[in-house]
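Good morning, colleagues. Please look at the structure on the screen, and I shall go through it residue by residue before turning to the whole.

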Amino acid sequence: MAHDLLDRLRQRLEELNRSERKVASVILDDPAAATSMSIATLAQSAGVSEPTVNRFCRNFGAKGYPDFKIKLAQSLAGGTPYVTRAVEPGDNASQYTQKIFGATIAALDEARREVDMEAVERMVDYLIQAKQIHFFGLGASGAVAQDAQHKFFRFNLPVMAYVDVLMQRMVAAACHTGDVVVVISYTGRTRELVDIARVARESGAVVLGITAPDSPLMHECTATLDVSTPEDTDQYMPMTSRMIQLTLIDVLATGVTLRRGEDFLPHLKKIKDSLRETRFPLSKPNA
């Protein structure tokens, strides 16, 4: 589909031959500018021939360059046009800052379009019925688990985050029916977390996952929210995946708040009011 063109360009970048990769890189650097380039300008910018550009376009389902530009424009209209190449060793502050912000915005926009609303509702159903909630995560996902504890403790039920595998294993083994364990893992391939999810489920807990689709962890969970981004966390530190995880935690916390209804709002206000005396008052603007 047209709105997936930028995603496909990014995902297939390493599969292309050297010449076609140059064309893709020019487009991904500035997709909006590429829509106004002539075939000669694009070929010159990429350092390739015009037939190479045409071959590249057909490789992505277009009849030729004019048709490809139409599909590219449609892709920009259908999603956030912030798809850039990875940060490179020679990038200056302006370049790597724009790339990181752009990649994050694009990843969040893609996740927004792909999130399964039925899965959100299903996970909120489980969370609203929980007697207690345990959030498990390791590394960068451990920080997300701790953020989830910060959000969910407001719901007046026992909530804890665990970032140590031995504690996670013991808590999982001690779970009972009515407990909900939320396991957060970008790859879904961490052996300890997959095993811990199985132990928790066998102990009677509902196990929810925020993880990669069709991963080993997903298959051990009662329900999951998929996180599918092209981030290579095997080589680089997690960035965009962590932002998606944090946003999904906010989505689930909001869903629980709304399900609790207006009668629950005074409890949330009481917690917020408790912080009032810890802050300096806002300074008044000059008259």
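Phe155 counts as buried, since its relative accessibility is 3%; buried means under 20% relative accessible area, exposed means over 50%, and partly exposed is in between, with a 1.4 Å probe and protein chains only. The model is a predicted one, in which local features need pLDDT of at least 70 and side-chain atom pairs count only at pLDDT 80 or more, while totals for chains, interfaces and linings use all residues. Residues are numbered from 1 along each chain as its sequence is written, and side-chain values use heavy atoms, with hydrogens and water left out.

Where does Phe155 lie? Its place is the loop between helix H9 (140-152) and strand E2 (159-162). Helices here are DSSP runs of H or I with at least four residues, strands are runs of E with at least two, and both are numbered from the N terminus. What does Phe155 touch, if neighbours within four places in sequence are set aside? The partners are Ala253, Val256, Thr257, Arg260 and Phe264, where contact means heavy atoms within 4.5 Å. Met167 is 12 residues from Phe155 along the chain, and their C-alpha atoms are separated by 23 Å.

The loop between H9 and E2 also holds Asn156. Is Asn156 buried or exposed? With 60% relative accessibility, Asn156 counts as exposed. Most residues other than glycine have a negative phi. Asn156, however, has a phi near 60°, a positive value. Asp214 also has a positive phi, near 55°. Asp214 belongs to the loop between strand E4 (206-211) and strand E5 (223-226), and its relative accessible area of 58% makes it exposed.

I turn now to residues within helices. Gly255 is found in helix H12 (residues 240-260) and counts as buried at 17% relative accessibility. Between Gly255 and Ser203 there are 52 residues of sequence separation and 27 Å in space, C-alpha to C-alpha.

Leu72, in helix H6 (residues 65-78), counts as buried at 1% relative accessibility. Which residues are in contact with Leu72, leaving aside neighbours within four places in sequence? They are Leu5, Leu6, Ile27, Pro31, Ala34 and Thr35. For Leu5, the separation from Leu72 along the chain is 67 residues, and the C-alpha atoms are 6.6 Å apart.

Ala32 is placed in helix H3 (residues 31-34). Its relative accessible area is 44%, so Ala32 is partly exposed. Ala73 is 41 residues from Ala32 along the chain, with 7.5 Å between the C-alpha atoms.

Next, a pair of helices. Two packed helices are described by the angle between their axes and the distance between the axes. Helix H4 (residues 39-46) and helix H5 (residues 50-59) pack at about 100°, and their axes are 9 Å apart. Axes are lines fitted to C-alpha atoms, for helices over the stretch in contact, and angles run from 0 to 180 degrees between N-to-C directions. H4 and H5 are therefore roughly perpendicular to each other, a term that covers angles of 65 to 115 degrees. On the H4 side, the contact is made by Ile39, Ala40, Leu42 and Ala43; on the H5 side, by Glu50, Val53 and Asn54.

Finally, the protein as a whole. Its secondary structure comes to 13 helices and 5 strands, and the C-alpha trace spans about 65 × 65 × 35 Å along its principal axes. Of the 287 residues, 40% are buried. Among contacts with a separation of 6 or more, 68% join residues 24 or more positions apart.

Conventions: Parallel < 35°, antiparallel > 145°, perpendicular 65-115°, else oblique.
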